[in-house]
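Visitor: I would like to learn how to read a structure like this one, feature by feature. Could you take me through it?

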Amino acid sequence: MRRTFLMLAAAAGAVFLAAPNASAQTTIAQLSASYTPVGQLPAGTYGVTSASLPATFVVDLRAKSPTGQLLVEQAGAETKYPVEFYNPSSWTGKEKVSQLSLHFTDSNDQFVACTLARRDDGRMSGLCRDEAGRDGWLEVRGRGGESVEPGKWYGPGTN
């Protein structure tokens, strides 16, 4: 528990963020996610599958140059992938983001790029692809159906 707390406290992440009026109480949030590793997404399938792994996406509103962490659970262990975003300067924190692109290096040392699109207020998902052209899928959800958007997070004590 302490290890997880320390990892979350050290997270330098942001998914859609840089909200200018974020309070100190809502600076770090965790979003529920599902990740289908590249190479395990069946051809022609776009979405969460039986090969998807439960994950948590860590968001840090304090970051001036946003990054994040994807914490993937598999076989009783948690794997941490530091995530970087493309063009986060377009996130003003005042309106919903309809699309975002990110990248990370997976456990096989492969560069993985993902583009997520808004599916509804509480969910963004999209295709991930590695250097070999293998496909995966990432879905990020707001807590309890909450909207996933800049500047709207979960009150004090919920990080």
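Guide: Gladly! Let us begin with burial: a residue counts as buried when its relative accessible area is under 20%, as exposed when it is over 50%, and as partly exposed in between. Please keep in mind that this is a predicted model. Phe57 has a relative accessible area of 1%, so Phe57 is buried. Phe85, at 8% relative accessibility, is buried as well.

Visitor: Which helices and strands does the protein have, and in what pattern?

Guide: There are one helix and eight strands. Along the sequence they follow α-β-β-β-β-β-β-β-β. As for contacts with a separation of 6 or more, 51% are between residues 24 or more positions apart.

Visitor: Let us turn to aromatic rings. How is a pair of them described?

Guide: The general idea is to give the distance of the centres and the angle of the planes. In this structure, a search of the whole model finds four aromatic pairs. Take Tyr35 and Phe104: their ring centres are 5.8 Å apart and their planes stand at 70°, so this pair is edge-to-face. Tyr35 belongs to strand S1 (residues 28-36) and Phe104 to strand S5 (residues 99-105), so the pair links distant parts of the chain, 69 residues apart. Tyr35 and Phe104 are both buried.

Visitor: What about the rings of Phe57 and Phe85: how far apart are their centres, and at what angle are their planes?

Guide: The centres are 6.3 Å apart and the planes are at 55°. An angle over 60 degrees would count as edge-to-face and one under 30 as stacked, so this pair is tilted. Phe57 lies in strand S2 (residues 53-60) and Phe85 in strand S4 (residues 77-86), so the pair ties together parts 28 residues apart in sequence.

Visitor: Which residues do ring pairs link into a cluster?

Guide: That cluster is made of Tyr35, Tyr81 and Phe104.

Visitor: Are Glu139 and Arg123 buried or partly exposed?

Guide: Glu139 has a relative accessible area of 10%, so Glu139 is buried, whereas Arg123 is partly exposed at 27%. Both belong to a network of salt bridges that links Asp120, Arg123, Glu139 and Arg141.

Visitor: What other salt bridge does Arg129 or Asp130 form?

Guide: Arg129 pairs with Asp135, with the closest N and O atoms 2.7 Å apart. Arg129 is partly exposed, at 42% relative accessibility. Asp130 meets Arg134 in a salt bridge of 2.5 Å, N to O. Asp130 is buried at 5% relative accessibility, and Arg134 is partly exposed at 35%.

Visitor: Which side chain of opposite charge is nearest to Arg118?

Guide: That is Asp121, 4.8 Å away. Arg118 lies in strand S6 (residues 111-120).

Visitor: Which residues does Ala113 touch, leaving out those up to four places away in sequence?

Guide: Ala113 touches Tyr86, Leu102, His103, Leu127, Cys128 and Arg129. Ala113 is placed in strand S6 and is partly exposed, at 26% relative accessibility.

Technical notes: Residues are numbered from 1 along each chain as its sequence is written. This is a predicted model: local features need pLDDT of at least 70, side-chain atom pairs count only at pLDDT 80 or more; totals for chains, interfaces and linings use all residues. Side-chain values use heavy atoms; hydrogens and water are left out. Helices (H or I, at least four residues) and strands (E, at least two) are DSSP runs, numbered from the N terminus. Contact means heavy atoms within 4.5 Å. Buried means under 20% relative accessible area, exposed over 50%, partly exposed in between (1.4 Å probe, protein chains only). Lys and Arg count as positive and Asp and Glu as negative; His and the chain ends are not counted. A salt bridge is a side-chain nitrogen of Lys or Arg within 4 Å of a carboxyl oxygen of Asp or Glu. Rings of Phe, Tyr and Trp (its six-membered ring) pair if their centres lie within 6.5 Å; planes under 30 degrees apart count as stacked, over 60 as edge-to-face and the rest as tilted.
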